[in-house]
Amino acid sequence: MTGTVKTKVIGKGFGFISRENEEKDLFFHSNDLIGVSFDELQEGATVTFDIEVGDKGPSAKNVKLAEVTA
C-alpha cells in the first residue's frame, strides 16, 4: 500500500499515515521503519507499507520511503 506521512509525534517515536480514499489514518511506530530513521522521515513523504491488524486495530508495518519515478 502507499500513503503519505501525515503526522510525526516527536519525542514519542510514532506517527500517522494518511491513505487515499480512506478516512482513518494508520498508526506507525519508529520500530516499523525500514531503510529510513524516524528523524529522517519527513511529514508529507510518500511511503509504502503493509497493514497489520492488532489488538488496537490496523497499523502500518514495514514502512519504507516510496521509490520516486520520473
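**Salt bridges and their surroundings**

Mentor: Start with Asp25, which counts as partly exposed at 22% relative accessibility; buried means under 20% relative accessible area, exposed over 50%, and partly exposed in between (1.4 Å probe, protein chains only). This is a predicted model, where local features need pLDDT of at least 70, side-chain atom pairs count only at pLDDT 80 or more, and totals for chains, interfaces and linings use all residues. Residues are numbered from 1 along each chain as its sequence is written, and side-chain values use heavy atoms, with hydrogens and water left out.

Trainee: Which residue does Asp25 form a salt bridge with?

Mentor: Lys6, with the closest N and O atoms 2.9 Å apart. A salt bridge here is a side-chain nitrogen of Lys or Arg within 4 Å of a carboxyl oxygen of Asp or Glu. Asp25 is in the loop between β2 (14-18) and β3 (26-29) and Lys6 is in strand β1 (residues 2-9), so the pair ties together parts 19 residues apart in sequence. Strands (E, at least two residues) are DSSP runs, numbered from the N terminus.

Trainee: Is Lys6 buried or partly exposed?

Mentor: Partly exposed, at 48% relative accessible area.

Trainee: How many salt bridges are there in the whole structure?

Mentor: A search finds three. One of them joins Asp32 to Lys61, with the closest N and O atoms 3.4 Å apart. That pair links distant parts of the chain, 29 residues apart: Asp32 in the loop between β3 and β4 (46-54), and Lys61 in strand β5 (residues 57-65). Asp32 is buried at 15%, while Lys61 is partly exposed at 22%.

Trainee: And what about Glu22?

Mentor: Glu22 pairs with Arg19, at 3.8 Å between the closest N and O atoms. Glu22 is partly exposed at 44%, and Arg19 is buried at 15%.

Definitions and conventions
Helices (H or I, at least four residues) and strands (E, at least two) are DSSP runs, numbered from the N terminus.
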